[in-house]
Amino acid sequence: MQKDNKASAKQGDAATHGRRAVIELREKIISGHLAGGTRLFEVSLAAELDISRTPVREALSRLAEEGLLDRLPSGGFTVRRFGYDDVIDAIELRGVLEGTAARLAAERGANAEALSEIWGTIYKLDQCFGPYVDDVEFDAYADLNEIFHRQLAALCGSEVMRREVERASALPFASPSAFLPNRLDIAAFRRSLRSAQEQHRALVEAIAAREGARAEAMAREHARTARRNLDYIFKEDPELINKIPGMGLIHR
């Protein structure tokens, strides 16, 4: 019994260290602390994180599955560099999958309780906007926006679809909150959130009305908000590339 308890404790510690390694390494990549093309070594990372090499190895494999790292033919990993077109493709893919999920939810008929919950999120999102055009509580909006998109993916009742939308949203540049305005106070982005909120409402209305084609088109158009914000950064204000976390991983 004592041996079993010790074995369980070791497994629990390993799992905890593995999760911490994934979280900390992901943050270092997205923040730009680990630049694109950087070779990662298990030994040095294990020493830096103060854990054994096994959870580091597992974390690196996990981040490679998420698309943040590339595996080298000779073994090992490097931080992935993202081409501009790669990011556009990832955004489009998320839009296609969310559109399919929305259409299926409309055609199959969404669960009444799930619809009530997503309407509740829309109401909370409404409260993020103040009286002026660019007056938005960004932090609250960003958190609620993530919740909205998780609820949207689940409305059709398909675990397969929910999981695939989550997978497509895993890259920081393809997530629903990619390139949203933050404390940099980018006014053009903040104004775009009002139209995005209108799309949230129209999308759920289409699902509730069993209008599959309209719901799919709305979801795909809504996903392109991230693309428009990306275009703004690169074409209108490239100085933001050095100010927004993760942008340094993208090259044209």
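## Layout, pocket and selected residues

Along the sequence, the secondary structure of the protein runs α-β-α-α-β-β-β-α-α-α-α-α-α-β, which comprises 9 helices and 5 strands; helices (H or I, at least four residues) and strands (E, at least two) are DSSP runs numbered from the N terminus. The model is predicted, so that local features need pLDDT of at least 70 and side-chain atom pairs count only at pLDDT 80 or more, while totals for chains, interfaces and linings use all residues. Residues are numbered from 1 along each chain as its sequence is written, and side-chain values use heavy atoms, with hydrogens and water left out. Of the 252 residues of the protein, 45% count as buried, where buried means under 20% relative accessible area, exposed over 50% and partly exposed in between, with a 1.4 Å probe and protein chains only.

The largest pocket holds about 590 Å³ of space, and of its 18 lining residues the closest to the centre are V165, E166, R167, S169 and A170. A pocket here is an open set of points on a 1 Å grid over the protein atoms alone, where a 1.4 Å probe fits, with protein on both sides within 12 Å along at least five of seven lines, and lining residues have an atom within 4 Å of a point; the volume is the space filled by probe spheres set on the points, which are joined across faces, edges and corners. The lining divides into 4 nonpolar, 3 polar and 11 charged residues, with Asp, Glu, Lys and Arg counted as charged, Ala, Val, Leu, Ile, Met, Phe, Trp, Tyr, Cys and Pro as nonpolar, and the others, Gly among them, as polar. Helices α3 (53–65), α6 (138–154) and α7 (159–168) each supply at least two lining residues, and α7 gives the most, with 5 residues.

Helix α9 (residues 212–236) has 25 residues that, at 1.5 Å a residue, should span 36 Å, in agreement with the 36 Å between its end C-alpha atoms; the expected span is 1.5 Å times one less than the number of residues. The buried residues of α9 include A219, H222 and T225.
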